Amino acid sequence: CEGLAYDPDLILVGFNETDIFEIHIDIEEVRLYEGFLKNAQAKRLGYTGTWLVLNSHFARLVHSKVSRHAAKKRQREFDTSPKLVEAAWERIGQELGRIGQLAAPNGAKAVVCYIPLSLEECELSRDELLRQCSPYGIPVIDTSPYLLAAQQEGRVYWKRDGHCTPRGYRAVAEAIYDTLKQKGGHLYP
């Protein structure tokens, strides 16, 4: 909602498979606290705890070990429960609808940019995302063809964390640019 104060023409929502689990955890997990974008964990740690994690290798190591174990357990529970996955997708659809409803009266167009975590298994998530966006008339920019083409020249994802490399992000930017340019700035679902 804060972004509407800037009177945007376009609201571009990035989406990848981690968003499915993250919405299950809670959409309120990351928000503005005290003027900074923080996750709920940083809020729970407080100023001193957050400062220690940001400025001490030892505190970061301890925090990482403790939180990683809890996160993996929650992820396993989620991954093995079709009911939880289905509920997460339903909530994603609701949130996308809410974004579309907020955008329309302000003259903005909401668009979702799908950035797969892996090019091997992206179709199921992409197809479900399209199904969730369709009732609200929200178009989806699928970056996977651009990432596949860029992969011919070299790595588009880092091995360790699954984020895009500079080549991958360039492919994502080209997908967004080409789609917006091709549609003359007017996107249709």
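**Entry 1: two helices**

I began with the meeting of two helices: W89, G93 and L96 in α4 touch S125, E128, L129, Q132 and C133 in α5. I took contact to be heavy atoms within 4.5 Å. I sorted this contact by class and found 4 nonpolar, 3 polar and 1 charged residues. For the classes, Ala, Val, Leu, Ile, Met, Phe, Trp, Tyr, Cys and Pro count as nonpolar, Asp, Glu, Lys and Arg as charged, and the others, Gly among them, as polar.

A note on the source: this is a predicted model, where local features need pLDDT of at least 70 and side-chain atom pairs count only at pLDDT 80 or more, while totals for chains, interfaces and linings use all residues. Residues are numbered from 1 along each chain as its sequence is written, and side-chain values use heavy atoms, with hydrogens and water left out.

Next I looked up how α4 and helix α5 (residues 123–133) pack: their axes are 9 Å apart, at an angle of about 45°. Helices here are DSSP runs (H or I, at least four residues), as are strands (E, at least two), numbered from the N terminus. The axes are lines fitted to C-alpha atoms over the stretch in contact, with angles from 0 to 180 degrees between N-to-C directions. The crossing is right-handed, meaning the near helix is turned clockwise from the far one by less than a right angle.

**Entry 2: aromatic rings**

How many aromatic pairs does a search of the whole structure find? I noted 3. Rings of Phe, Tyr and Trp (its six-membered ring) pair if their centres lie within 6.5 Å; planes under 30 degrees apart count as stacked, over 60 as edge-to-face and the rest as tilted.

F15 and W89 have ring centres 5.7 Å apart and planes at 35°, so I wrote this pair down as tilted. F15 sits in strand β1 (residues 10–15) and W89 in helix α4 (residues 82–103), so the pair ties together parts 74 residues apart in sequence.

F15 also pairs with Y114, again tilted, at 6.5 Å centre to centre and 35° between the planes. Y114 belongs to strand β4 (residues 109–114), so this pair with F15 in β1 joins parts 99 residues apart in sequence.

Are F15 and Y114 buried or exposed? F15 is buried at 6% relative accessible area, and Y114 is buried at 0%. Buried means under 20%, exposed over 50% and partly exposed in between (1.4 Å probe, protein chains only).

**Entry 3: D7**

Lastly I checked D7, which has a positive phi of about 55° although it is not a glycine. D7 lies in the segment before β1 and is exposed, with a relative accessible area of 55%.
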